[in-house]
Amino acid sequence: MDQTTSQKEKARLHVSLALPNGGSLDEEDIALIETVQKCRSILGASKLMGISYRKTWLMTDALNRTFETRVIDTFPGRRGGGAEVTPFGERIVAVFRSVERRSARAATATLEELTSSLDWSFETATSGGVQEETQDLRSSA
């Protein structure tokens, strides 16, 4: 990627909430709620999101236990089965998206400052360049 292309990209802010009761809410939870809303199924959501059914079910259970009001209603064993996002679940998504937007707006100037200071020749550790350099430093020590 050349410098002019890279400089047009912006830093992204990721929101993850640690709730005072020990629960959490992050982008993956919100994606789950939105996907269940679309396909009305835990199994369908797991397939669309590319995660295991077990993980999807555990995430759903954690969301429902975190709050006093259910986020996702499930109907196992019922003819047709399925799942449905509750009105409270819809509100959770709206509030989370609002936090994301407000956080991004508040951080814009700082993120632009950080982005303008980037070394555009940087390679991540998975690309090999940094790993080789780190190994060279270890072997010379």
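A nonpolar core, for my notes, is a set of buried Ala, Val, Leu, Ile, Met, Phe, Trp, Tyr and Cys residues joined through side-chain atoms within 4.5 Å. Buried means under 20% relative accessible area, exposed over 50%, and partly exposed in between (1.4 Å probe, protein chains only).

**Before I start.** I am reading a predicted model, where local features need pLDDT of at least 70, side-chain atom pairs count only at pLDDT 80 or more, and totals for chains, interfaces and linings use all residues. Residues are numbered from 1 along each chain as its sequence is written, and side-chain values use heavy atoms, with hydrogens and water left out.

**Core.** I looked up the largest nonpolar core and found 19 residues, with Ile-30, Ile-33, Val-36 and Ile-72 having the most contacts inside it. Its largest share, 4 residues, comes from α2; helices here are DSSP runs (H or I, at least four residues) and strands too (E, at least two), numbered from the N terminus.

**Salt bridges.** I count a salt bridge when a side-chain nitrogen of Lys or Arg is within 4 Å of a carboxyl oxygen of Asp or Glu. That rule gives 6 of them. In one, Arg-97 meets Glu-34 at 2.9 Å, N to O. Arg-97 sits in helix α5 and Glu-34 in helix α2, so this pair ties together parts 63 residues apart in sequence.

Glu-100 is buried at 18% relative accessible area, while Arg-97 is partly exposed at 25%. I noted that Glu-34, Arg-97 and Glu-100 are linked in a network of salt bridges.
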